[in-house]
Amino acid sequence: MHPEAKIFPEMFLANRELPLQARFYPLGFPLDLETNSEDVLQAAREGWRGFHLRFAEAPVKLSVSVSDTDTMPAALEPRVVWRDHIMTSVWDPTTFAACDLRSGLMAGWLTRKAAVDHSFVRYRFLHAYAMSILVHKYLAPVHGAFVARSGQGVLLCGDSFAGKSTLAYACARAGWTFLSDDATYLIRSRLDRIAVTNPFFIHLREDAPVFFPELKDHAIAVRPNGKIGIEIPTSGLGIATAGTCPVIHVVFLNRDTSTSAHLASFSKAAAMEWCERYLLYGEQQVIGEQRAALQRLLGAGIWELRYSALDDAIARLEKLTDQGV
């Protein structure tokens with residue numbers, strides 16, 4: 001311990017013992033978590049217990065320290081600063097984190113009261129930093145829901161309110177395999193279009209029970225990102241799930257209340273431009289590798305689906321997987 005840390009412990013926050021350690025496998029990549037809080041460990045179990053080792057890479061590392069302070073962060077949204085491979089998030093003087101994306105190491109600090117909010121810990125500390133590291137080191141992100149039928153992955157893309165999550169769950173209810181509601185990742189080291197996802201939770205808007213009455217008893221809450229909606233473990237929904245599948249078709253959704261489901265070719269240049277919007281941070285070499293992975297994605301069928309009714313949209317997508325058009 002630095003000698004001054006003994007005199008000014010709240011200034012240095014240095015070398016605090018983190019006796020609780022566990023290994024997890026988000027998206028199949030090894031991750032070592034160390035903490036002094038059973039709440040943090042439990043939050044990690046809740047988010048990642050369904051994953052198993054898929055990629056034999058060196059583990060990334062998250063170190064999360066919890067103080068005895070009984071306060072919550074002042075705001076849901078942190079102030080985030082990225083510069084090349086360095087990332088920091090600050091909520092207030094009691095809750096903050098720093099990360100070296102290149103080395104795969106994050107160190108964070110939060111209060112005891114924040115730690116007992118497992119949703120906050122999972123979303124803001126564990127998931128946010130684990131995925132930031134894994135994306136920087138290995139993956140190319142695509143902002144899209146992902147479903148599959150007969151081994152054919154269909155990536156559902158579109159802006160907010162395009163209906164990606166809703167249509168993905170509707171497909172799953174109709175016998176498709178659910179992979180993701182809004183985050184899909186290509187593996188940069190591969191030359192194919194294999195994607196990996198987190199299929200263990202689905203997030204739907206607060207009006208989901210209007211379309212899916214079986215969800216009426218699920219609590220609507222403000223999620224840690226400030227959005228109002230429902231988070232549901234897929235294990236209790238009676239749907240098929242998978243964590244990986246090749247992308248055969250990319251479908252951009254266009255909700256149109258005046259038309260039946262209609263599928264048409266979509267510009268590959270426009271698709272690439274849309275995908276590149278989400279390459280938000282990292283070193284230039286990494287962003288270049290991510291662009292190359294996205295270029296491979298353009299080898300899939302690229303389509304636009306105009307639709308109004310969910311059943312109509314599913315029928316059109318089933319025709320696409322059956323006939324290729």
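This is a predicted model: local features need pLDDT of at least 70, side-chain atom pairs count only at pLDDT 80 or more; totals for chains, interfaces and linings use all residues.

A polar atom of the Ser-67 side chain lies 3.3 Å from the backbone nitrogen of Thr-69. When residues up to four places away in sequence are left aside, Ser-67 touches Arg-16, Trp-109, Leu-110, Thr-111 and Arg-112.

## The sheet

Seven strands form an open sheet with mixed pairing, and their order is S1-S2-S3-S7-S6-S5-S4. At the edges are strand S1 (20–24) and strand S4 (79–83), each of which pairs on one side only, and from one strand to the next the twist averages 10°.

Within this sheet, strand S2 (residues 31–35) and strand S3 (residues 60–66) run parallel and are joined by five bridges; Leu-31 has Val-60 in S3 as its bridge partner.

## Helices on the sheet

Helix H3 (residues 38–48) packs on the sheet, where it touches S1, S2 and S3, and its direction makes about 10° with that of S1. Helix H5 (residues 118–138) also packs on the sheet, touching S2, S3, S5, S6 and S7, while its direction makes about 155° with that of S3.

## Confidence of the model

The average pLDDT of the protein is 91, with 93% of the residues scoring at least 70. Over residues 1–9, however, pLDDT stays under 50, and the model has eight contacts beyond four places in sequence for this stretch.

Note on methods:
Residues are numbered from 1 along each chain as its sequence is written. Side-chain values use heavy atoms; hydrogens and water are left out. Two strands pair if DSSP finds at least two bridges between them. Helices (H or I, at least four residues) and strands (E, at least two) are DSSP runs, numbered from the N terminus. Axes are lines fitted to C-alpha atoms, for helices over the stretch in contact, and angles run from 0 to 180 degrees between N-to-C directions. Contact means heavy atoms within 4.5 Å. pLDDT is the predictor's confidence in each residue, from 0 to 100. A polar contact is a pair of N or O atoms within 3.5 Å; within protein, one must be able to donate a hydrogen and the other to accept it, and residues adjacent in sequence count only if both atoms are side-chain atoms.
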